[in-house]
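Please examine the sequence and the fold shown below. The explanation that follows leads through selected residues, their surroundings and their contacts.

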Amino acid sequence: MPDRVLPGPVETGNSGERAAAETETVNIRTGKIFDACRDKDCIEDLRVYPTVSSQTVINSAISVRPNGASLIYADVNVDAISFNRGYYTVDVTYFYRVCGETFPGGVAITGLAVFDKRVILYGSEGGVKTFSSLDSISSGLAAASCPTAVVEAVNPIALNLRIGEECGADAELRCVPDEIIAAIGEQINLCGGGRPLYVTLGQFSIIRLERDTQLSISASQYYPVRECVGSSDDDPCTLFGRVGFPVDEFFPPDSLSREESYRALTTPGV
């Protein structure tokens, strides 16, 4: 069994002198990753629920084209799998803001799209319930010890946007959080009346399961060496004069790395 490491200064040699960089051993709490996965989802014909004003325009449009999409929020839930110890389902609900443009007229349209995703990851077992002085009993009693799911995702690529055939009212969408509707900025047509709108999105994501763990690490004191630059000048031109000229903006690079060019639908030589 390894020796127990206690926090404090790190001694060097037999002299017992503290390291020149003021290095010491400190105890920290952090998240240990037990399992993770990455995904490249092509979400075809995902239903878009337009804003009320957008639905009126869509009903009279011939076609639409995508202008982009952004990820508003991802709701994440973790549940244990009873028949497979240590494994958990991670259910993710992505809320997207989808933007497009109608033809003819070029009128901008906006809507909400919702995508559900489930993955199974290993998260080990633990019987500890964690309480903190930052929590209150009004926020709910601690549940069984489950790992923490973390989802990292970039804004999706809007690959296609199309109008479907005329249809009647569909079943109303699940309850959408008020914060999501507020992010859209306008009332959403959730009842399905009018011509339906469908989007195809490309989504890159990383999902992982973490548990708290305690570590002892070597750390050195840190302080910034760069002085803060500020100004009390109220003249905007004086402030603007201190801004460097954006040369790179006027001279685009001749090529992009693969990481930077993944948004291109076709890449020469691939």
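Leucine 159 is placed in strand S9, which covers residues 157-163. The model is a predicted one. With a relative accessible area of 34%, leucine 159 is partly exposed. In sequence, leucine 159 and valine 199 are separated by 40 residues, yet their C-alpha atoms lie 7.5 Å apart in space.

The surface also carries a nonpolar patch of about 500 Å², made by Phe245, Val247, Phe250 and Phe251. Of these residues, phenylalanine 250 belongs to helix H4 (residues 247-250). Phenylalanine 250 counts as exposed because its relative accessibility is 55%, and the threshold for that class is over 50%.

Charged contacts come next. The count of salt bridges is nine. In one of them, aspartate 39 meets lysine 117 at 2.5 Å, N to O. This pair links distant parts of the chain, 78 residues apart: aspartate 39 is in strand S4 (residues 23-50) and lysine 117 in strand S7 (residues 108-122). Aspartate 39 is partly exposed at 29% relative accessible area, whereas lysine 117 is buried at 10%.

Lysine 117 also forms a salt bridge with aspartate 41, with 3.0 Å between the closest N and O atoms. Because aspartate 41 lies in strand S4 and lysine 117 in strand S7, the pair ties together parts 76 residues apart in sequence. Both lysine 117 and aspartate 41 are buried.

A further salt bridge joins arginine 118 and aspartate 91 at 2.5 Å, N to O. Here strand S7, holding arginine 118, is linked to strand S6 (residues 87-103), holding aspartate 91, across 27 residues. Arginine 118 is exposed at 58% relative accessibility, while aspartate 91 is buried at 18%.

Notes:
Residues are numbered from 1 along each chain as its sequence is written. This is a predicted model: local features need pLDDT of at least 70, side-chain atom pairs count only at pLDDT 80 or more; totals for chains, interfaces and linings use all residues. Side-chain values use heavy atoms; hydrogens and water are left out. Helices (H or I, at least four residues) and strands (E, at least two) are DSSP runs, numbered from the N terminus. Buried means under 20% relative accessible area, exposed over 50%, partly exposed in between (1.4 Å probe, protein chains only). Patches are made of residues with over 30% relative accessible area and no salt bridge: like charges are joined within 9 Å, nonpolar side chains (Val, Leu, Ile, Met, Phe, Trp, Tyr) within 5 Å. Accessible areas come from the Shrake-Rupley method with a 1.4 Å probe; for residues, only the protein chains shown count as cover. A salt bridge is a side-chain nitrogen of Lys or Arg within 4 Å of a carboxyl oxygen of Asp or Glu.
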